[in-house]
Amino acid sequence: MYRLNLPLYPIKITEKGEKRQIFDFLRRKYVALTPEEWVRQHFVHFLIEHKGYPKGLLANEVEMKIGEKKLRCDTILYNKEALPRMIIEYKAPTIQLQQKTFDQISAYNLLLKVDYLIVSNGLQHYCCKMDYAEQRYIFLEDIPNYEIL
């Protein structure tokens, strides 16, 4: 796979037929090993092991509905009251992070109204804090540790 700008972790990969799968320890199952999934697994481990995010408050592939349309958030961090606090959107390392990526995560946030948005392709990571009073977002220099959220 790809070398990412994220720490390594003990990766579990298996073969199912001719397809490779990676273990998603949040969903507790093996899932298709795509470039985006490679980024997701590394990023989630980074948040838990290096930034102190509680495993029990993170969820991958969270489905939402707007009328008849179904949307799927890559990862959501919840608070202890089970309310969404952060949305994380992943792209493959070969995908440039562009305005449409931010538009996509902003559309999810119209429903969830979280405090933080993160986009990552495994090489670049952008985190912004929402300022609803001023109707803007503020880009942060680093992804915050969980304790200061």
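A quick word on the model first: it is predicted, so local features need pLDDT of at least 70 and side-chain atom pairs count only at pLDDT 80 or more, while totals for chains, interfaces and linings use all residues. Residues are numbered from 1 along each chain as its sequence is written, and side-chain values use heavy atoms, with hydrogens and water left out.

Let's start with charges. A search of the whole structure turns up 13 salt bridges, where a salt bridge is a side-chain nitrogen of Lys or Arg within 4 Å of a carboxyl oxygen of Asp or Glu. Take Arg27, whose side chain meets that of Asp24 at 2.4 Å, N to O. Arg27 also has a salt bridge with Glu37, at 3.1 Å. Glu37 sits in helix H1 (residues 35–51) and Arg27 in the loop between strand S2 (19–24) and strand S3 (29–32), so this pair ties together parts that are ten residues apart in sequence. Helices here are DSSP runs of H or I with at least four residues, and strands are runs of E with at least two, numbered from the N terminus.

How exposed are these partners? Arg27 is partly exposed at 24% relative accessible area, whereas Asp24 is buried at 0% and Glu37 is buried at 5%. For the cut-offs, buried means under 20% relative accessible area, exposed over 50%, and partly exposed in between, with a 1.4 Å probe and protein chains only. Arg27, Asp24 and Glu37 belong to a network of salt bridges that also includes Arg40 and Glu61 among its members.

Another salt bridge joins Asp142 and Lys51, with the closest N and O atoms 3.2 Å apart. Asp142 lies in the segment after S9 and Lys51 in helix H1, so here the linked parts are 91 residues apart in sequence. Lys51 is buried, at 12%.

Now the strands, which pair if DSSP finds at least two bridges between them. S7 (residues 116–120) and S8 (residues 125–131) pair antiparallel over five bridges, and Val119 stands opposite Tyr126 in S8. In their hairpin, with four residues between the strands, Gly122 has a positive phi near 85°. S8 and S9 run antiparallel too, joined by five bridges; there, Cys128 has Phe139 as its bridge partner. Their hairpin also has four residues between the strands, and Gln135 in the turn takes a positive phi of about 55°.

Finally, Ile148, in the segment after strand S9 (136–140), counts as exposed at 58% relative accessibility.
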